[in-house]
Amino acid sequence: MQIWQDLIKYSLIGSERQNAPLNADGDLQAYISQLYPNNTVPTGEAREQALLSAAALAAQYRLAGQQAATFNGTLPVADDAEPLPLLSPLCISHLQRLLNDNELKSILPEWLALAAIVKRRVPFASIPQLLELATQNRSIRPAITALIDKRGQWLAAQHPDWQKLLVQTDAILDDVSIWEDGSPAQREEYLRQYREQDAAKARELLQAVWKQEPAATRQSLLAVFSVNLSSEDEAFLNTCLEDRSKGVRQLAATLLGQLPDSAFSQRQKHRLNTWLRFEKGGLLKKAKLIVDLPETCDKTWLADGIEEKPPQGKGAKAWWLEQALSVVPPAYWSAHWHTSPDDILTMLKKHEWRDALLMAWRQALQNYPDSDWAETFLTHFNNSEQPLWQLLNAAHAERLAAQLLTSTETSKLSNVLPILNHVQHAWSVDFSTCVINALQRHTQQKLTANEAYAYYYLSDFARHLAPECTDLLSSCLQKPHEYEQITRVIDKMFYMLSFRRDMTNALTNP
Amino acid sequence: MTNHWTTEHVNTLAPDAASLKNGRALAVVSKWQTLGQADGILWGEIKGSGSKPYQTCIEQTTPSFKCSCPSRKFPCKHGLGLALVYTAQPDALNQTDFPDWVAEWVNKRTQKQTAKVSAAEPVDEATLKKREKAQEKRQAARSDKVSTGVAELQTWLYDQVRQGLSQSVMDSRAWDKMAARMIDAQAPALARRLQQCAQARFSGDAWQEKLLTEVAHLHLLLAAYQRREELSPDVQADIAAYIGETSNKTELLTQTGVTDDWLIIGQAIEEQDAMRIQRTWLYGTQQQRYALLLDFAIANQTMTLRPAVGSTLNAELVFYAGSYPIRALLKQDNGALSVTPDLSAFISIPTLFQAFQSQLALSPWLSQFPCALGAVTPVRHDEQWLLVDSDLMTLPLKITDSKGWHLLALSGGHAVNIFGEWNGDTLSPLAIFTPTTVERL
């Protein structure tokens, strides 16, 4: 409509520049011409009045004449799949609270895992919010995939960020562009999923691009090989021992150490067995570990990742020992020497190579997690070391923590309680009872302000305590406490734990 | 008489997020010592910090809440908790006889309502006349003020157009100042229009077009006001409303209204400065006409509670005058009906265009048209949200992405019924009616 363009022009640049009357096509002209008698632009305010009246007419004319546009795309195929039955209204209300209450957010993964196995679905309306959460957290994706059901998959397929999330590995692996053009994190994820499905193919995939990748990428992609690691990977890992990057070389050595039959492992063990000799104890004599280290460096060690020059402040021999020992799983030694980790560490108490041996085994434990060894380390040395707690299995962790709680004087519990935050799995009823009893003893003590303040860090217990212990918690912890922050922590713990109990009950008794 | 309350509905009743959170924590059957329901009244007793339990009850139709706790929040967490228990596990409210304290509250309420009616009884004629005169005087003073304001605004607007709007809107303070003048002149709706004009600059690619349209509509309104005496009473009422004159509610409520079964077809809550405006759209299933209830709340005031979208209410409504009378007041509420929603309001896209055009001919300032579309498929196409019908006719949606995905999740690519507000260009969807559910968006 030409008149509309003219109107925009004059109104924007100013009607003082308008020197000719406006003209419209068709029916509109009859009305426009009334605004411009004698086909001239009026003067004074009448000019603006005419312009705005014409604009009002034209705007109304356009609006009234509007027609619906025709769709020129393709309609998506509707989701016709028979949906799973819906979760119960109570479960749905729990989900809504989990999604909207910041204090409960940390429990969502637990709810998702429990809900995913009941073979029911969330309401359609919750799907977008769950998919959005799945973009931020990989571990909850399988549960979300199950809960959003067919409708969720239908929806995700239309969203660029969501379509790659769902745990339909085939679909992701079909999209080679992720591997070729994706971000480092996406490529790592792609390779990880490939390793899970077909470890050999995944290896070939990485080998094909190995030479052209920068060192940091090589290292992060190679780390994925811990998934489905097997002797078939040995040849490739052996070539990585000669990589230009030190990080890659160390990683390859660690991975090879995980394969007990690899030539690399055999060499290391053979070498170490000439350095370390275990003498069994008897009735009258103590067991002994004899350390006999070579005086000079052998050039062949370098191929197995042992460097000659120690970092500053470290002796050369200790350095060689550390490097060799850290790529052999500690479990090998206890089996090889037929002795327990506890006896081995006891033996080290006044050993001249104590520091080097401990440093090496600590590193080896991180490389090759072992619950028995980790527990022994925690009992012998600093019991608050979080990385070691993470290596314990549930039973070990609970046994050790319960021991700590019962053997500690009530007045010193302040030092022990925070350690429980390292026990991250779901706590058993027995252990939960033990923790609650300790809390009861402790809160009844005379506490300093600092101790009371430290309670802030204990409210996370409610994420791990057994939901069956909700009533025990509320009966054992007296409210209000003389310190307000403790009352608040107790409230928060009870709020979270009773919520976990309710949500578990609702999911397990539909 | 049953009420179909949903959790969603209860959520909207909460005065703030904290209350809702606390309410949710109490929405556990085991926390309540007693629970019951009868005649649209819900009640329960819950242990508080004192020795006596708190007594909470809810009258569902209004709805209204009562609780013996000292909280100043309204409704309090106990009321919300009780309502949430009811939505999740209605069977848990298993008492059916009013305890004394509930019966007492119900009686008091009935008495109050009767008292309200008697208070409105007429006074003697002399007082009435006096009141009328005072009223007329106020009206005249106001009318003068508005006339002066309108004339001033007209001159100012011509000035802006003469110099060019593109330059004028850069100085938004000048527009704000003029808007303030209009509030002084008791024409608040004109002030809002001026602000809309000034904001049009930020409306994207077609801002020039939008700006000109807004300014042209404002001009049309001012011109119509100047010659209002020549226009029909309906259009005069339109003009008064669009200028921002308030009408007397009490007087309006004395008129006979329209009784019908009203389907609550959509609801929108919008924030305007410090005020929240709630628009509740109703559709009279017998009269086949729309009604709009407007509610306002300032700051943390509680918003008037309206029944949930999808429920049907038998009620008498009184309509404000106008060429397209939809704004209404609730005169008599006869309670909710337990019926499945009557979907006769839902029409096709071409019919909507026709209906909108004929209405536009009567009221040129029409900017919010209730629009119920039947059998349309929500689609995301080229990053745009659309409704598409079986003839591939489309209607663009004005919707945030998060709501768009919500809509798509609910519809699953199927044709559904959508209610929303049509502004002539885009539709803001407010509710979706699928064969099995009704959901607010």
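**Close-up views of the contact between chains A and B**

**View 1. The contact between chain A and chain B.** In this predicted model, 52 residues of chain B and 47 residues of chain A make up the contact. On the side of chain B that touches chain A, helix α9 (residues 207–226) of chain B gives the largest share, nine residues. That side of chain B comprises 27 nonpolar, 19 polar and six charged residues.

**View 2. Strand pairing between the chains.** Strand β1 (residues 69–70) of chain A pairs with strand β12 (residues 393–396) of chain B; two bridges join them in the antiparallel sense. Opposite A:Thr70 stands B:Met393 in β12(B).

View 3. Seven strands, paired antiparallel, follow the order β1(A)-β12(B)-β11(B)-β10(B)-β13(B)-β14(B)-β15(B). The edges are β1 of chain A and β15 (438–440) of chain B; each has a single partner strand, so one side of each has no neighbour in the sheet. Strand β14 (residues 427–433) of chain B is joined to β15(B) by three bridges in the antiparallel sense, and B:Phe433 stands opposite B:Val438 in β15(B).

**View 4. Helices of chain B on the sheet.** Helix α12 (residues 349–362) of chain B packs on the sheet and touches β10 (369–381), β12 and β13 (416–422) of chain B, its direction making about 140° with that of β10(B). Helix α13 (residues 401–411) of chain B runs at about 85° to β10(B) and lies across β10, β11 (384–388), β13, β14 and β15 of chain B.

**View 5. Helix α4 of chain A.** The 12 residues of helix α4 (residues 89–100) of chain A should span 16 Å at 1.5 Å a residue, which agrees with the 16 Å between its end C-alpha atoms. Buried residues in α4(A) include A:Leu90, A:Cys91 and A:His94.

Conventions. Residues numbered from 1 in each chain as written. Chains lettered and ligands numbered in written order. Predicted model: local features only at pLDDT ≥ 70, side-chain atom pairs only at ≥ 80, totals over all residues. Contact = placed C-beta atoms within 7 Å. Helix = DSSP H or I, 4+ residues; strand = E, 2+ residues; numbered from the N terminus. Nonpolar A, V, L, I, M, F, W, Y, C, P; charged D, E, K, R; others polar. Pairing = 2+ DSSP bridges. Expected span 1.5 Å × (residues − 1). Buried ≥ 20, exposed ≤ 12 C-beta atoms within 10 Å, placed from the backbone. Axes fitted to C-alpha atoms, helices over the stretch in contact; angles between N-to-C directions.
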